[in-house]
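Biologist: I would like to learn how to read a structure like this one. Can we go through it feature by feature?

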Amino acid sequence: MLPNTGKLSGYTLFITGASRGIGKAIALKAAKDGANVVVAAKTAEAHPKLPGTIYTAAEEIEAAGGKALPCIVDVRDEKQISDALESAVQKFGGIDILVNNASAINLTGTLNTPMKKVDLMLGINLRGTYLTSKLCIPHLLKSKNPHILNLSPPLNLNPIWFKSHTAYTMAKYGMSMCVLGMSEEFRGSIAVNALWPRTAIQTAAMDMLGGSEIAKSCRKVEIMADAAYAILSKPVSYTGQFVIDEDILKKEGIKDFDVYAVAPGHPLLPDFFLDEDPEKLEKMMVDYGASPAFKSGKASTEAAFSGPIGETFNMIKGILTPELVKTTQGVYKFDLSGEHPGVWYIDLKNDAGSVASGESPVKANVEMSLDSNDFIKMFTGKLKPTMAFMSGKLKIKGDMTLAIKMEKMMALMNKSKL
């Protein structure tokens with residue numbers, strides 16, 4: 001891994017989305033130099049599914065050797081950003097580096113993307129990055145080596161990266177366009193660059209997109225932290241670059257990339273927006289044991305799922321018919337815990353029906369929460385849904401009439417096995 005040099009000692013970093021994942025990893029890398037870090041994120045209280053809060057991240061930063069200021073910041077809220085910057089300047093004396101890491105993702109096509117999701121992605125990715133940069137720049141101009149680093153991809157205009165998730169690509173490329181414009185606008189005064197991974201990185205978002213099996217095909221967040229450190233250690237003249245993590249680390253002399261792999265030796269999954277075709281990317285995810293929640297070309301739900309839960313959903317997929325959709329007219333979300341955690345959905349309302357991992361692109365009518373092993377038992381006829389509900393093993397929110405209709409599907413599955 002890339003060794004620390006002390007170049008960020010005494011510098012103050014304002015990092016959005018720093019309570020977990022890549023943002024926190026960058027913060028911890030800087031903390032080892034003795035840097036000051038403003039943890040600007042929304043999570044103030046522990047989330048039931050996502051690790052970390054601004055306060056736990058701050059504790060880790062200080063344990064690593066840095067100083068931390070946790071601030072509740074939604075990058076769509078100008079006042080929250082301004083207040084956090086004012087607190088940071090009072091505590092640390094200024095801002096030297098801005099890392100625009102906060103981002104929202106929803107990989108659905110135009111007809112399946114609610115405007116609420118479009119507004120969220122544009123509001124956080126594009127507007128949030130622009131707004132945070134705008135408010136930080138007056139402070140950055142006072143620094144001796146100011147940087148803005150956006151976690152966003154090269155501007156690859158191949159239509160294959162638009163056709164299956166236009167809204168997300170627009171929002172993510174908006175962050176990259178900020179780099180393109182601001183690097184030229186502030187050339188000689190502020191370095192403005194983008195950083196993107198060569199491969200998938202294991203984060204909560206990646207687990208959501210690919211399921212729990214995706215991890216072994218990913219690299220750890222530390223590779224992005226090392227790459228960010230290399231960029232932020234450079235002079236202001238290093239600007240307008242769309243950097244790939246692996247490329248800059250090779251230039252820094254790193255030769256052993258196995259240290260960054262979750263499972264050294266396992267094939268790695270390429271990230272979006274680079275050279276791999278999305279359809280090849282989807283096939284690789286399936287081959288590596290993951291369940292892609294995005295769509296490339298036709299629906300990704302055509303791919304087979306793996307693992308005990310995936311096999312159960314393969315059975316469910318096998319009994320879907322237009323008649324079943326017509327008589328059910330409901331979307332079911334399954335929030336599974338235990339040995340095989342994850343979120344899945346069954347759409348018995350639209351088209352010919354579908355199943356997939358991840359959040360449904362349309363609002364679920366019924367939400368069921370239960371242990372993953374109990375889910376398997378229910379759909380294989382070993383546990384009656386009514387008994388599961390009465391015993392507290394199954395929790396249901398939403399339309400109870402539609403919930404009862406789910407038993408019809410279970411009966412069909414058990415009949416199909418005879």
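**Reading strands, helices and rings**

Modeller: Strands β5 (residues 147–150) and β6 pair in the parallel sense, over four bridges. Across that pairing, L149 stands opposite N193 in β6. Keep in mind that this is a predicted model.

Biologist: What holds strands of a sheet together, in general?

Modeller: Strands of a sheet pair through backbone hydrogen bonds, and the pairing is either parallel or antiparallel.

Biologist: Which residues point which way from β6?

Modeller: The general idea is that side chains in a regular strand alternate between the two faces of the sheet. Here A191, N193 and L195 point one way from β6. V192, A194 and W196 point the other way. All of these are buried. Strand β6 (residues 191–196) is mostly covered, with six of its six residues buried.

Biologist: Step back to the whole protein chain. How many helices and strands are there?

Modeller: The protein chain has 14 helices and 12 strands. It has 418 residues, and 53% of them count as buried. The accessible surface is about 18,400 Å², with 55% of that belonging to carbon and sulfur atoms.

Biologist: And what do the contacts say about sequence distance?

Modeller: Take contacts between residues at least 6 apart in sequence. Of these, 69% join residues at least 24 apart.

Biologist: Now a sheet. In what order do the strands of the open sheet come?

Modeller: Five strands form it, in the order β10-β9-β8-β11-β12, with mixed pairing. β10 (354–357) and β12 (395–398) stand at the edges. Each has a single partner strand, so one side of each is left without a neighbour in the sheet. Neighbouring strands of this sheet are turned by 15 degrees against each other on average, direction ignored.

Biologist: How many bridges join β8 to β9?

Modeller: Seven bridges join β8 (residues 330–337) to β9 (residues 342–348), and the two strands run antiparallel. V331 stands opposite D347 in β9. F334 stands opposite W344 in β9.

Biologist: What does the turn between β8 and β9 look like?

Modeller: The two strands form a hairpin with four residues between them. G338 in that turn has a positive phi of about 85 degrees.

Biologist: And how does β9 pair with β10?

Modeller: Four bridges join β9 to β10, again antiparallel. Y345 stands opposite A356 in β10. This hairpin has five residues between the strands, and D351 takes a positive phi near 55 degrees.

Biologist: Is β9 enclosed or open?

Modeller: Six of the seven residues of β9 are buried, so the strand is largely enclosed by the rest of the structure.

Biologist: Which helices lie across this sheet's strands?

Modeller: Helix α10 (residues 307–318) lies across β8, β9 and β10, and runs at about 0 degrees to β9. Helix α12 (residues 372–379) lies across β8, β9 and β11 (366–371). Its angle to β11 is about 110 degrees.

Biologist: Next, aromatic rings. What describes a pair of them?

Modeller: Two quantities: the distance of the centres and the angle of the planes. The structure holds 14 aromatic pairs. In one of them, the rings of Y173 and F273 have their centres 5.2 Å apart and their planes at 55 degrees, so the pair is tilted. Y173 lies in helix α5 (residues 166–185), and F273 in the loop between α8 (245–251) and α9 (278–287). The pair therefore ties together parts that are 100 residues apart in sequence. Y173 and F273 are both buried.

Biologist: What about the rings of F313 and F334?

Modeller: Their centres are 6.2 Å apart and their planes at 75 degrees, so this pair is edge-to-face. F313 sits in helix α10 and F334 in strand β8, 21 residues apart, so the pair links distant parts of the chain. F313 is buried, with a relative accessible area of 0%. F334 also counts as buried, at 0% relative accessibility.

Biologist: Which residues do ring pairs link into a cluster?

Modeller: W161, F162, Y168, Y173, W196, F272 and F273.

Biologist: Last, where does the charged end of K29 sit?

Modeller: The charged end of K29 sits over the ring of Y229, 5.3 Å from its centre. K234 lies over the face of Y238, at 5.3 Å from the ring centre.

Definitions and conventions:
Residues numbered from 1 in each chain as written. Predicted model: local features only at pLDDT ≥ 70, side-chain atom pairs only at ≥ 80, totals over all residues. Heavy atoms only, no water. Pairing = 2+ DSSP bridges. Axes fitted to C-alpha atoms, helices over the stretch in contact; angles between N-to-C directions. Contact = heavy atoms within 4.5 Å. Phe/Tyr/Trp six-rings, centres within 6.5 Å; stacked < 30°, edge-to-face > 60°. Buried < 20%, exposed > 50% of the residue type's maximum accessible area, 1.4 Å probe, protein only. Lys NZ or Arg CZ within 6 Å of the ring centre and 35° of its normal. Areas by Shrake-Rupley, 256 points an atom, 1.4 Å probe, with all protein chains shown as cover.
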